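Colleague: Please take a close look at one part of this model for me. I would like to hear about the salt bridges and what surrounds them.

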Amino acid sequence: EKLKSAVLIDMSPKPLSADSDDWVEGPIDDLCQAAATLTTQEAQRAFFADYAKQVMVQRDLSCEELFNITDISSRTPCHITHSLFTNAVMGDYRDGCKKLNDSVPTMMFIAEHWSQVALPYMNRNYPNVRTCVMGGHLMFWEYPDKFNAEVDKFIDR
């Protein structure tokens, strides 16, 4: 009740769904496979390395950048990473998004690789949420000036 506004970053309100009209985090089989592999420290490091290169940023990462992202991501024990991943992917946050849409100014950053699915989904289901398409999942890291400018515009509305 005390929330005045919200900024959300690149997460579908319904990440796992069989409905072809939903914005999902990937095919069900791929998400299940990812969850199944996040059970060892080695698998976790490999997952985050691939995710960093394919989803997190748009440009090629230097060896040092990739190491840093993988190192930071791998500090969480694998059983906790597995729990966080499955909780996030299997969650259903549509009611919360609907409440935000209906009650407070809300902004959603969407990674460019989701835009063709995510924009129509957001416009159809949450028309009051301001959307901004930018970069990959770590758009705030890769494009900090552009990201901060968009947040500033939203705050100054």
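Modeller: The structure holds seven salt bridges. Keep in mind that this is a predicted model.

Start with the network. Salt bridges link Arg59, Glu65 and Glu142. The side chains of arginine 59 and glutamate 65 meet at 2.8 Å, N to O. Arginine 59 has a relative accessible area of 36%, so arginine 59 is partly exposed.

Now the glutamate 142 end. Glutamate 142 sits in helix H7, which runs over residues 139-142. Its relative accessible area is 12%, under the 20% cut-off, so glutamate 142 counts as buried. Arginine 59 also meets glutamate 142 through its backbone: the backbone nitrogen of arginine 59 lies 3.3 Å from a polar atom of the glutamate 142 side chain. Leave aside neighbours within four places in sequence, and glutamate 142 is in contact with Val57, Gln58, Arg59 and Gly136.

One is the cover over helix H2, residues 41-56. Gln44, Phe47, Phe48, Ala49, Ala52, Val55 and Met56 are buried in H2. What covers these buried residues includes helices H1 (28-37), H3 (63-73) and H4 (78-90), along with H7. The other place is a nonpolar surface patch of about 320 Å², made by Val7, Ile9, Phe140 and Trp141. H7 and strand S1 (6-9) each supply at least two residues of that patch. Isoleucine 9 lies in S1. At 33% relative accessibility, isoleucine 9 is partly exposed.

Next, another salt bridge. Aspartate 71 pairs with arginine 75, and their closest N and O atoms are 2.7 Å apart. Aspartate 71 is partly exposed at 22%. Arginine 75 is at 60%, over the 50% cut-off, so arginine 75 counts as exposed.

Serine 74 is found in the loop between H3 and H4. At 7% relative accessibility, serine 74 is buried. Not counting residues up to four places away in sequence, serine 74 touches Gln41, Gln44, Arg45 and Phe48. Among these, Gln44 and Phe48 are buried residues of H2.

Last, helix H8. Lysine 153 and glutamate 150 form a salt bridge at 3.1 Å, N to O. Both lie in H8 (residues 144-156), three residues apart, about one turn of the helix. An α-helix has 3.6 residues a turn, so residues three or four places apart point the same way. Lysine 153 is partly exposed at 49%, whereas glutamate 150 is buried at 14%.

Note on methods
Residues are numbered from 1 along each chain as its sequence is written. This is a predicted model: local features need pLDDT of at least 70, side-chain atom pairs count only at pLDDT 80 or more; totals for chains, interfaces and linings use all residues. Side-chain values use heavy atoms; hydrogens and water are left out. Helices (H or I, at least four residues) and strands (E, at least two) are DSSP runs, numbered from the N terminus. Buried means under 20% relative accessible area, exposed over 50%, partly exposed in between (1.4 Å probe, protein chains only). A polar contact is a pair of N or O atoms within 3.5 Å; within protein, one must be able to donate a hydrogen and the other to accept it, and residues adjacent in sequence count only if both atoms are side-chain atoms. Contact means heavy atoms within 4.5 Å. Patches are made of residues with over 30% relative accessible area and no salt bridge: like charges are joined within 9 Å, nonpolar side chains (Val, Leu, Ile, Met, Phe, Trp, Tyr) within 5 Å. Accessible areas come from the Shrake-Rupley method with a 1.4 Å probe; for residues, only the protein chains shown count as cover. A salt bridge is a side-chain nitrogen of Lys or Arg within 4 Å of a carboxyl oxygen of Asp or Glu.
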